[in-house]
Amino acid sequence: MLILGLDTSCDDTAAAVVRDGCGIMSNVVSNQNELHEKYGGIVPELASRRHIEMILPVVTEAMNRAGTDFKDISAIAVSYGPGLIGSLLVGVCFSKSLAFVKDIPFVAVNHLEGHIFSIFLEATPAFPFLAVVVSGGHTSIYKVDGFGLYSELGKTRDDAAGEAYDKVAKLLGFGYPGGPIIEAIASTGDSEAISFPKALLKDSFDFSFSGLKTSVVNYVKRYPASRKEDIAASFQNTVIEIITKRTIEAAIATGSKRIVLSGGVSANSALRKNMKEKANEKGLEVYLPSLRLCTDNAAMIAAAGYHHFINGKISNYELNPKSYLPLGPAAD
Ligand code: KG4
Ligand code: ZN
């Protein structure tokens, strides 16, 4: 069974064809980095306009690379939230139109569920497991008891981890997205050079990164001549320690033996290494998607959409995108 997946939730226009929820036939992502780079962050209006230009070529490319035809597609799966509303609208409207014209059912997928499902394109962790989504818009921990069965254990109370990376990169005068740039700069810095505060909220699995960002701002103001490499490395070290510590605490508290990391920040090699080492020490298994599946893509949306489709959860033409869309106990 072939599912065509689409994602336009943020600044990447993505389409993919996936067989039986796990076999990637094609996975096309057109990023807009050069468009937003000079602003140090995403400009929503520019993002939506670029999606409108790119959606048809990207879907066509995904179909061509998969060597398939619309008559062989069983369903179209599309991200309908959370994300930038103007961006989401493009993917949702395009999917509805395509579904109508080609007479194909379509399925609404929560983008966060897509991130969690990215692992099923390469591995099959047994349920239950702990899923940690660390991206530009989210930093959340879920207990996953089965397909569609999610309980949120903690989330960020302010900035997402990726957002903190992007803001620190901008502050240091680097481009967008900041995560890969900070990672590269940090590799030549001293991660112990500066001791930034680690906000670990009491009696909660929530995160907070805005205080860390402010500390970096204050440090740069106070010591303008300090090495950017050391600032980047010390900042990254703090973020990684917070994410790893919270995740392991949550896994132990919920008796979860497996941890699945996903989202753009999970492409960070220092985070991957630290999480593996520390979790393995506690007897926990860590599942990491390959790098191209950590950041936004549509294969993960097709993978999640497949399970909705085989469970009969088909959407209707009244579907509207939602910028705020929490992942609940029984995702629809
Ligand atoms: O999952 P994603 O592609 O989009 C959202 O759903 O937000 O995540 C994008 C975020 C950006 O903030 C970017 O800076 C961050 O992921 N990111 C990284 C790395 N690659 C991407 N952060 C740290 N290290 C990386 N290697
Ligand atoms: Zn994402």
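D20 lies in the loop that links strand 2 (12-19) to strand 3 (23-31) of this predicted model. Helices (H or I, at least four residues) and strands (E, at least two) are DSSP runs, numbered from the N terminus. D20 is not a glycine, yet its phi is positive, at about 50°. With a relative accessible area of 37%, D20 is partly exposed. Here buried stands for under 20% relative accessible area, exposed for over 50%, and partly exposed for values in between (1.4 Å probe, protein chains only).

A positive phi also occurs at D203, again a residue other than glycine, with a value near 50°. D203 sits in the loop between helix 6 and helix 7 (210-222). Its relative accessibility is 81%, and D203 counts as exposed.

Two cis peptide bonds were also found. One joins F127 and P128, with omega about -10°. P128 belongs to the loop between helix 4 (111-117) and strand 6 (129-134). The other runs from Y176 to P177, and its omega is near -5°. P177 is placed in the loop between helix 5 (161-171) and helix 6 (178-186).

Residues are numbered from 1 along each chain as its sequence is written, and chains are lettered from A and ligands numbered from 1 in the order in which they are written. In this predicted model, local features need pLDDT of at least 70, side-chain atom pairs count only at pLDDT 80 or more, and totals for chains, interfaces and linings use all residues, while side-chain values use heavy atoms, with hydrogens and water left out.
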